[in-house]
Amino acid sequence: MILSAVQTAFSNLVIFSILPVLWWFFRHRRETTFWRWIGLYRPQLQSKWWLLLLFAALYYFFYSFDFTQLFSADTLEALESSDSVSANAFAGIGAAAILPALIQNFIANGLAEEIFFRGFLCKRLCAHFGSTGGILLQAGLFGIMHNAIYLIAGISIGLGAHLILFFFTATGALLLATLNEKLYNGSLLPSVLLHGLGNFITTMLVAF
């Protein structure tokens, strides 16, 4: 399982990083390093402390809300039985899930997805449409990506479930991008940590 998690992490890093790396190489490599360009540098709080506390409260209530209670019994059964839902691979295995879940959640999901969506896509959109417009657009695209994954995987859920899924994944993307771009100095690291931690907590709930 650890080997599988490492393979998934490597594959996701390649898939989600190839376009950003090529874009940087052909258009920006003479201006700055890839790490700086994509946002992988030390975060520095550039907002008032109470705004960070407000964000923390909003994120906590968002992530602690169990939106699966809004799904029908048939939708829940389809989600819990699908191999395409990554957390299902760890269902019921307890402590054996901790190390592979750390690798998968923080690297395959957290780092890889953040490099593409909040690092590459959000920053390019913000440059063209302003920070607010860019943040909103990348949030919508992040939500649509999750809908597309479920459709491609053939997971049988209805339109209502797709709308719920879109709303919650897009809201998560909105909060993560706001954290990076509005509260910190454009660093990708805060959203990498929060994204990975959120997925890890969800996986642990399934594992135990």
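User: What share of the contacts between residues at least 6 apart in sequence join residues at least 24 apart?
Analyst: The share is 77%. Contact means heavy atoms within 4.5 Å.

User: What kind of model is this, and how are residues numbered?
Analyst: This is a predicted model; local features need pLDDT of at least 70, side-chain atom pairs count only at pLDDT 80 or more, and totals for chains, interfaces and linings use all residues. Residues are numbered from 1 along each chain as its sequence is written, and side-chain values use heavy atoms, with hydrogens and water left out.

User: OK. How many helices and strands?
Analyst: The protein has 7 helices and 0 strands. From the N terminus on, the order is α-α-α-α-α-α-α. Helices (H or I, at least four residues) and strands (E, at least two) are DSSP runs, numbered from the N terminus.

User: What radius of gyration does the protein have, and what would a compact globule have?
Analyst: The protein has 17 Å, which agrees with the value near 17 Å for a compact globule of 208 residues. The radius is taken over C-alpha atoms, and the globule rule is 2.2 Å times the number of residues to the power 0.38.

User: And what does the C-alpha trace span?
Analyst: About 50 × 35 × 30 Å along the principal axes.

User: Switching to the inside. How much is buried?
Analyst: Buried residues make up 44% of the 208. Buried means under 20% relative accessible area, exposed over 50%, partly exposed in between (1.4 Å probe, protein chains only).

User: Which residues have the most contacts inside the largest nonpolar core?
Analyst: Phe55, Leu79, Tyr150, Ile155 and Ile157, in a core of 19 residues. A nonpolar core is a set of buried Ala, Val, Leu, Ile, Met, Phe, Trp, Tyr and Cys residues joined through side-chain atoms within 4.5 Å.

User: Which helices supply at least two residues each?
Analyst: Helices α3 (49-64), α4 (73-81) and α6 (159-183) do. Helix α6 gives the most, with 8 residues.

User: New one: where is threonine 132?
Analyst: Threonine 132 is in helix α5 (residues 98-153).

User: Why does threonine 132 count as partly exposed?
Analyst: Because its relative accessibility is 47%.
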